[in-house]
Amino acid sequence: APEERAWRQNHWRPSRMGAQASRPEQFVLVPPLFERQHVDVERFTRLPFSPDSDLFRKRQLGRLFEDYLVSGFSAEAVLSSKQSPHSTIIARFQNPQPEDGFGDLNGRGVFRFQPRPRSVPYTFGQLAIDTGQGEANLSGCWKVPQCNAFLSASHPISKASNFQDTRLGVAYSTSNLLVGGETRPLRDALPTDCYVAFGRQDLKAAVQCRADLSGAAGKIAPSWTYGVFYSPGGSDDATRGSMCTAVEVHDGRELELRVKQRMVVRRRVKNPLEDAGAVGITNVIDAGFVVKTPLGGSTAEQSMKMALQWQVNKNVCIKGSASLDDVAGSLAFKSWWDPCVTVAVSSRFNYRTKVGGLGFTLNVENIGRTLFARAAKEGFTIQTQESAASQHEVQEGLGERPTYEDGAGRGPREVEGHGML
């Protein structure tokens, strides 16, 4: 029957002895990414050049340098009830110097409420308490109905806080434009930040001006920060290979260059515990570096750091970083329970002070989408955890590593990495 002939073509192949042999169905494993996709709820409450802003992918690059590379003890829990997704609880504990016991242990707790977390995630109210600084803060953001305008506010409520740090902000966003401002109205100087950003996914530019609207003569003393962002292809999808570059000038005193690249590749599976039909697995490799140098007569110091992260499979991730002062490495393990649990051990050594240290990280979370990264190669168009392998990839997974003539008459030589899934 035609169905039987088609089945034999897909599941049977001639053996080396010329006989017909049965083989299991071959497939390529596509493990989920270590980082889950979270909606940046506070995106319209931040300034474009703040460390937590993701306008120029600064937040993503910060996670590459910081996640699982902390010194001492660090724990974080991000939890939300499935029955009541309006509320989210975030708890963080950190003890940067475990050799001194737990005397330096400090924590931060956040309770966030969103009336419509799925349809309008940027409308929220939250209470944050930081034991390290002895501060408590109320903040929130409101999206104007039928309009892409956002109003935000933040007010300290603890005795240790400075009540003059009350902030009011406004932002308006379209597909190609972002404008807004933030001010602290209770301060005598009335410090105010105004910004505008424009462009597309592949090319963006932003300008931010900070001024104190005070003084005996009522003059404005502005400081300017501006930057340009470029990403070939313009993809903001974490599941695809991409590269982005950002250049920023801060107040005419410091030039900063940031580069981050994500590579989605395939390699062959050599795990005896894996299914016999698994001929390949997708790996995700992230690399990035940051360089800062002073401009003009600035006294700022030069700095440079770089990091590399390799997700081996769905449970193991290896990371390393190096700077002008120290070097660090970590090994992380993740379980895909509900909630997910991540455990990481790290080590850091400062070769200027000759001081080293160990770190331990524990993360628990049950919010965010699970993403699967698929390498750009013909024969794979459906984004699932397992998919049928193409004939070319099956041959590569079953055969020997290829060789090539090196052109110098020395015969064939193995090519490291060539032909890997």
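Select Arg253 first. This residue is exposed, with a relative accessible area of 52%. Keep in mind as you click that the model is predicted. The side chains of Arg253 and Asp251 meet in a salt bridge, 3.3 Å from N to O. Asp251 counts as partly exposed, at 32% relative accessibility.

Stay with charged side chains. Salt bridges that share partners join Lys58, Glu248, Glu256 and Arg258 into one network. Show those four residues together.

Then pick out one pair from the group. Glu248 and Lys58 meet through their side chains in a salt bridge of 3.4 Å, N to O. Trace the chain between them: Glu248 is in strand 15 (residues 242–250), Lys58 is in helix 2 (residues 58–66), and 190 residues separate the two. The pair therefore links distant parts of the chain. Are Glu248 and Lys58 buried or exposed? Both are buried.

Next, select Arg46 and Asp40. Their side chains form a salt bridge too, at 2.7 Å from N to O. Arg46 counts as buried, with 15% relative accessibility. Asp40 also counts as buried, at 16%. How many salt bridges does the structure hold? The count comes to 20.

**Strand 17 and its partners**

Now colour strand 17, residues 278–294. Which strands pair with strand 17? Take them one by one.

Begin with strand 3, residues 27–29. Strand 3 and strand 17 run in the parallel sense, paired over three bridges. Click Leu29 and look across to strand 17: its bridge partner there is Ile281.

Go on to strand 16, residues 254–267. Here the pairing with strand 17 is antiparallel, over 14 bridges. Select Val259, then find Phe289 in strand 17, which stands opposite.

Finish with strand 18, residues 303–311. Strand 18 pairs with strand 17 in the antiparallel sense, over nine bridges. Val290 has Lys305 as its bridge partner in strand 18.

**A nonpolar patch**

Switch to a surface view. Select Trp310, Ile318, Leu331, Phe333, Val345 and Phe360. These residues form a nonpolar patch on the surface.

Zoom in on one member, Ile318. Where does Ile318 lie? Its place is in strand 19, residues 316–323. Ile318 is partly exposed, with a relative accessible area of 36%. A patch residue needs over 30% relative accessible area, so Ile318 passes that cut-off.

**The cysteines**

Last stop: select the cysteines. How many disulfides does the structure hold? The number is zero.

Cys209 counts as buried, at 16% relative accessibility.

Move to Cys340. Is this residue buried or exposed? At 3% relative accessibility, Cys340 counts as buried. The cut-off for buried is under 20%, so both Cys209 and Cys340 fall within it.

Technical notes: Residues are numbered from 1 along each chain as its sequence is written. This is a predicted model: local features need pLDDT of at least 70, side-chain atom pairs count only at pLDDT 80 or more; totals for chains, interfaces and linings use all residues. Side-chain values use heavy atoms; hydrogens and water are left out. Two strands pair if DSSP finds at least two bridges between them. Helices (H or I, at least four residues) and strands (E, at least two) are DSSP runs, numbered from the N terminus. Patches are made of residues with over 30% relative accessible area and no salt bridge: like charges are joined within 9 Å, nonpolar side chains (Val, Leu, Ile, Met, Phe, Trp, Tyr) within 5 Å. Accessible areas come from the Shrake-Rupley method with a 1.4 Å probe; for residues, only the protein chains shown count as cover. A salt bridge is a side-chain nitrogen of Lys or Arg within 4 Å of a carboxyl oxygen of Asp or Glu. Buried means under 20% relative accessible area, exposed over 50%, partly exposed in between (1.4 Å probe, protein chains only). A disulfide is a pair of cysteine sulfur atoms within 2.5 Å.
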